[in-house]
Each structure stands twice: as structure tokens, then as C-alpha cells.
Amino acid sequence: MSEFRLRLRRSAPQGIALALGGGGSKGGAHIGVLRVLERENIRIDALAGSSIGGLIAAVYAVGNTTDAIEERMAALKGSNLLRTGAKAPNALMGLDGVAKVLEEILGDHRFEDLDIPLALTALDLVTCQEVVLRQGSILDAVLATIAIPGVFPIQKMQGYELVDGGMSNPVPVAVARSLAPRLPVVASVLSQPAPPAAPGNGNGSKRHGLAALPIPAAFLRFRLGQSFMAFMKALDVSGRVQTELRIGVEKPDVVIRPDVEHIGLLDSVDVADLARRGEEATIQVLPELRRALRRARWFSIIPKKSPRAARPSSI
């Protein structure tokens with residue numbers, strides 16, 4: 001028996017599958033999550049991401065350090081990135097600036113070239129189904145997973161019309177598990193289960209980042225501008241509800257929740273502060289994470305059953 005246990009321990013998996021959730025401007029907190037995992041020598045053997053979580057996952061998977069990601073994000077200015085172009089008739093803002101920066105970072109990397117299995121999510125407006133992006137250009141996949149409908153341009157790929165992955169799957173736990181079924185799944189979640197605090201008590205974002213965007217201030221006084229503000233708030237609340245439903249069904253082994261509830265989806269942020277919040281939240285769950293790793297080592301010979309769910313399309 002002791003010989004069997006020794007052999008099992010040596011052959012058992014030592015890493016995790018990591019799911020990075022959506023949350024717009026809150027995404028810098030994922031940097032701190034990654035940083036602590038690296039510091040604690042917890043190997044990331046699979047990565048899945050939705051929306052901003054997909055962007056961070058992709059940039060990390062192609063080989064960028066957490067310090068490099070933080071520095072690059074801190075140097076970005078929203079007004080220079082978000083532009084309305086002639087090629088985006090179905091969007092309030094364009095992604096030309098974002099695409100240019102991402103092209104410098106991601107280059108011509110393809111999913112097939114990565115050392116870490118990576119998957120990003122998107123929602124197809126043609127079939128109304130979730131699509132898991134695992135092949136081809138990583139840049140194209142990132143532009144799809146961050147394409148908030150009506151705000152950023154729809155991304156057309158292989159007959160699909162793709163928008164933000166957070167619309168259908170804010171934290172892709174089951175996707176991460178599918179990449180590495182024998183590993184514990186850790187979910188980095190950028191929302192809290194409780195509803196946002198009532199207005200007027202000092203909590204929550206009141207601006208939702210609109211002042212930082214290239215939108216004339218006068219626009220926000222008109223009905224369309226006010227409708228846009230209501231849409232962004234509703235999107236935030238909807239994402240929170242979907243997140244809790246999906247987590248309840250897909251059951252990650254460990255959940256990390258950085259304290260970023262006060263930040264709106266498109267707020268201007270201090271990236272270093274967000275990263276620090278991600279670090280603090282990850283340190284808090286390290287005992288739980290180590291227990292999950294021990295369980296995985298000892299029981300890795302037993303297949304882990306995933307919850308039954310509709311299988312998303314994969315391209």
C-alpha cells in the first residue's frame with residue numbers, strides 16, 4: 001500500500017486550471033492573482049477567460065510576466081484606445097486602438113503554438129450560443145471576447161457574429177475544467193454574491209467610467225446618453241447574477257474574490273491598486289487552495305465528473 005501511495009503521489013498533478021472572469025476595468029485584479037500563484041510555485045496548467053479575463057489570460061499565456069502586463073495596462077489611456085471608426089456601424093465606440101496595442105503584445109500567436117492550453121469565450125448572435133475559442137488567431141479571439149454589444153464592434157469569425165464572452169459565461173469554470181479535467185479549478189471572480197449597496201451610502205461606482213471615455217459630456221445629458229448609462233449598470237448587475245448561477249452549478253474548487261466591487265465596468269483605475277487587491281484576495285485563500293491541491297494529488301486516479309450542461313460550440 002505504501003509503495004502504491006508513493007507512486008500515486010509522484011505521478012499526480014501539481015498544477016491548477018485557472019478561470020479568469022469578466023469585469024471590465026476591474027480586470028487588473030487578475031494580475032495580482034497570477035502574481036501570487038507564481039510566487040507560491042503553484043503551476044498554471046490551463047487557462048480560460050471571459051471578457052477582460054480572456055484578455056489577461058491571453059496576454060499571460062503568450063509569455064508576458066505579471067510585471068510587464070501591469071506596466072502595459074497602467075500606461076494605457078482609455079481615450080486613446082476607444083475610437084469610433086467607419087468599420088463599426090453597430091457600435092458606439094471602436095476597438096482600433098485596443099487592436100493596435102494587442103497586436104504589439106500578441107503578434108501572430110495562435111492557440112496551437114501555446115505551452116499552456118488556453119480557451120476564451122464569446123457569445124454568437126447568430127445561433128445565440130456560447131462559443132469557446134481555442135483555435136487560430138489569439139488576437140482575433142481576444143477582440144471577440146471583449147466586444148461588449150452595442151459598445152464595441154461585433155467580431156465576425158467563421159460565420160459567427162461574436163460579442164463579449166461575459167454575456168453568456170462571466171467566469172468560465174467548466175471551460176477551464178475541460179482543458180484539464182484532473183486538476184483543481186480556481187476561479188478569479190470580479191464580483192460579489194451580494195447585490196450592490198443602495199445608492200447614497202458611499203459604495204459603488206456612480207460614474208461607471210463614462211467621464212473617462214471619448215464621449216462628449218453633452219451626450220450624457222440626452223436620452224441616448226442616459227440610456228447608455230442605464231445599460232452599463234444593467235450589464236454589471238446581469239453579469240453578477242449570471243456569475244453566481246454558473247458558479248453554483250459548475251462548482252470551482254477555489255474561488256478568489258478581489259475587493260473591486262466599488263469599480264464600474266468602464267471606470268478609470270489605478271492598475272497597481274487593482275493588482276494589490278488581487279494579491280490580497282489570493283493570499284487569503286491559499287490554505288484552501290493547498291488543500292485542493294492535496295486532494296487532487298491523492299485522488300487523481302478517480303475521474304472527476306463535471307456537472308451536466310449544454311456543450312458550447314468550439315472553434
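Helices (H or I, at least four residues) and strands (E, at least two) are DSSP runs, numbered from the N terminus. S50 belongs to one of these runs, strand 2 (residues 44–50). This is a predicted model, where local features need pLDDT of at least 70, side-chain atom pairs count only at pLDDT 80 or more, and totals for chains, interfaces and linings use all residues. Residues are numbered from 1 along each chain as its sequence is written, and side-chain values use heavy atoms, leaving out hydrogens and water.

Start with the whole chain. It holds 11 helices and nine strands. Of its 315 residues, 51% count as buried. Buried means under 20% relative accessible area, exposed means over 50%, and partly exposed lies in between (1.4 Å probe, protein chains only). The chain exposes about 15,300 Å², with 54% supplied by carbon and sulfur atoms. Such areas come from the Shrake-Rupley method with a 1.4 Å probe; for residues, only the protein chains shown count as cover. Now take contacts, meaning heavy atoms within 4.5 Å. Among those between residues at least 6 apart in sequence, 78% join residues at least 24 apart.

Return to S50. At 0% relative accessibility, S50 counts as buried. Leaving out residues up to four places away in sequence, S50 touches L20, G21, G22, T121, T145, G165, G166, N169, P170 and P172. One of these is G22, 28 residues away along the chain, with 5.3 Å between the two C-alpha atoms. The side chains of S50 and T121 are joined by a polar contact of 2.5 Å. A polar contact is a pair of N or O atoms within 3.5 Å; within protein, one must be able to donate a hydrogen and the other to accept it, and residues adjacent in sequence count only if both atoms are side-chain atoms.

S51 sits in the loop between strand 2 and helix 3. Its phi is near 60°, a positive value in a residue other than glycine. S51 is buried, at 8% relative accessibility. C128 also has a positive phi, about 60°, and is not a glycine. C128 lies in the loop between strand 3 (118–124) and strand 4 (129–133). Is C128 buried or exposed? C128 is exposed, with a relative accessible area of 62%.

L55 is buried, at 15% relative accessible area. Beyond its neighbours within four places in sequence, L55 contacts L102, V142, T145 and I146.

Two packed helices are described by the angle between their axes and the distance between the axes. The axes of helix 6 (residues 96–106) and helix 7 (residues 138–145) come within 10 Å and cross at roughly 140°. Axes are lines fitted to C-alpha atoms, for helices over the stretch in contact, and angles run from 0 to 180 degrees between N-to-C directions.

Finally, consider S188, in strand 7 (residues 185–188). S188 is buried, with a relative accessible area of 0%. Not counting residues up to four places away in sequence, S188 touches A19, L20, G21, H30, V33, V171 and I256. L20 and G21 are also among the residues that S50 touches.
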